[in-house]
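Dear colleague,

Please have a look at it before you read my notes, which follow.

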Amino acid sequence: MPYRPMPEYQTGPVEVGDNLYAYLQWDGGWGISNAGFLPTDDGILVIDALMAPSMTRAFVAAMRDVSQAPFRHLVNTHMHADHTNGNQFIEGAEIVAHEHCREEMAAAAELAAAEAAKRPAGDRGPKPFWIQDAWWEELAEVESTLPVTTFADRLTLRYGNTEAHLLHYGPAHTLGDSLVYFPDSKVLFTGDLAFFYATPLSRGHMPNWVRICDIIRDMDVDLVVPGHGPTGGKQELQDMQEYLEFMVAETRNAFENGLSEEDAAKAIDISQWAQWPESERKEMNIANLYATFAAERADAS
Ligand SMILES: [Zn+2]
């Protein structure tokens, strides 16, 4: 794959379809995700809620520059904190997500509460490595706010004549990923089913993620808004898919040859993607794939 440098882009709203906006955040690194919104007379459809309260407040202000309509729905594309922490600040919105997204969020909140109960009051425990110091303080404000409406395979939200199709094709980046497709504008919000110009991270099922890339390639889509990085299209999706396919094939090889995860990480050479940020996700992806392959083996026996 010829390396393409990441195009520069600004943090802020950009109109990507007929009265349809992406809200991008430069530079798409750990915790710095994208969102979207459809402002209509019937209310505003919001896609994802960002991570730190200051990010969500800036996003809300950008939406309020365009529309004073009430927030009607907030779609969580998946459970990760950088897409759902801001849920409580999209006031009045009915939060919609895949049923597994809600389950994963509820389990994460329960685990966090159990961990917190073991610590002295006010002790928030260690800061996760991927959270910047500047965000850590303000994250104390965040309360887990779960989706109230869930779906299994697909759900259509209607705003006047505009349809938003929420689509789930099985576990991939997480267990409860949704695509949000606007057929009129031919725009697809992928959440973290697409990382553009960066190393993708799998917490779900990478072989199925490859299959979903094929599904997207066959969709009538002109523009993709990824979970991280600038907007793009099927070329950028193809770039990401090549990394996923490489990792699945190489890791399966290592697994079947009985290598430890550590030895697999040493053997798998991702230098062709050396210029993509977050290359440290390689080890996390190998761990996820080993769990996937071990589950397959257990199922087969
Ligand atoms: Zn994610």
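**Helix α5 and its surroundings**

The residues of α5 that are buried are covered by, among others, β11 (187-195), α6 (234-256) and α8 (281-300). Please keep in mind throughout that this is a predicted model. Helix α5 itself takes in residues 206-217, twelve residues in total, and its first and last C-alpha atoms are 17 Å apart, close to the 16 Å expected at 1.5 Å a residue. The buried residues of this helix are Met206, Trp209, Ile212, Cys213 and Ile216. Viewed down the axis of α5, the buried residues fall within an arc of 110 degrees, so they line one face of the helix. That arrangement can be set beside a general point: an α-helix has 3.6 residues a turn, so residues three or four places apart point the same way. On the other side of α5, Arg211, Asp214 and Ile215 are exposed.

Strand β11, one of the elements covering α5, pairs with β10 in the antiparallel sense over three bridges. The two strands form a hairpin with four residues between them, and in the turn lysine 186 has a positive phi of about 55 degrees. β10 (residues 179-182) also runs antiparallel to β9, to which it is joined by three bridges. Within these pairings, histidine 165 has tyrosine 181 of β10 as its bridge partner, while valine 180 stands opposite phenylalanine 189 in β11.

Which residues of β10 point one way, and which the other? Leu179 and Tyr181 point to one side of the strand and Val180 and Phe182 to the other, and all are buried. If neighbours within four places in sequence are left aside, valine 180 is in contact with Ile47, Val75, Thr77, Ala164, Leu166 and Phe189. Val180 also belongs to the largest nonpolar core, which has 70 residues, and is listed with Phe37, Val46, Leu74 and Leu188 as touching the most other members.

**The seven-stranded sheet**

Elsewhere, seven strands form an open sheet of mixed pairing, in the order β1-β2-β3-β4-β5-β6-β7. Its edge strands are β1 (12-17) and β7 (149-151), each of which pairs on one side only, and the twist from one strand to the next averages 25 degrees. β1 pairs with β2 (residues 20-24) in the antiparallel sense over five bridges, and glutamate 15 stands opposite tyrosine 21 in β2. Helix α3 (residues 99-117) packs on this sheet, where it touches β6 (94-98) and β7, and its direction makes about 105 degrees with that of β6. Helix α1 (residues 53-66), for its part, lies across β1, β2, β3 (35-40) and β4 (43-47), and runs at about 25 degrees to β3.

**Two exposed loop positions**

Asparagine 161 is found in the loop between β8 (154-159) and β9 (162-167), and because it has 7 C-beta neighbours inside 10 Å, asparagine 161 counts as exposed. Asparagine 161 lies 23 residues from aspartate 184 in sequence, and their C-alpha atoms are 9.3 Å apart in space. Phenylalanine 129 is found in the loop between α3 and α4 (133-136). With 7 C-beta neighbours inside 10 Å, phenylalanine 129 counts as exposed. The C-alpha atoms of phenylalanine 129 and serine 54 are separated by 20 Å, the two residues being 75 residues apart along the chain.

With best wishes

Terms used:
Residues numbered from 1 in each chain as written. Predicted model: local features only at pLDDT ≥ 70, side-chain atom pairs only at ≥ 80, totals over all residues. Pairing = 2+ DSSP bridges. Axes fitted to C-alpha atoms, helices over the stretch in contact; angles between N-to-C directions. Contact = placed C-beta atoms within 7 Å. Core = buried A, V, L, I, M, F, W, Y, C linked by C-beta atoms within 7 Å. Buried ≥ 20, exposed ≤ 12 C-beta atoms within 10 Å, placed from the backbone. Expected span 1.5 Å × (residues − 1). Arc of directions from axis to C-beta.
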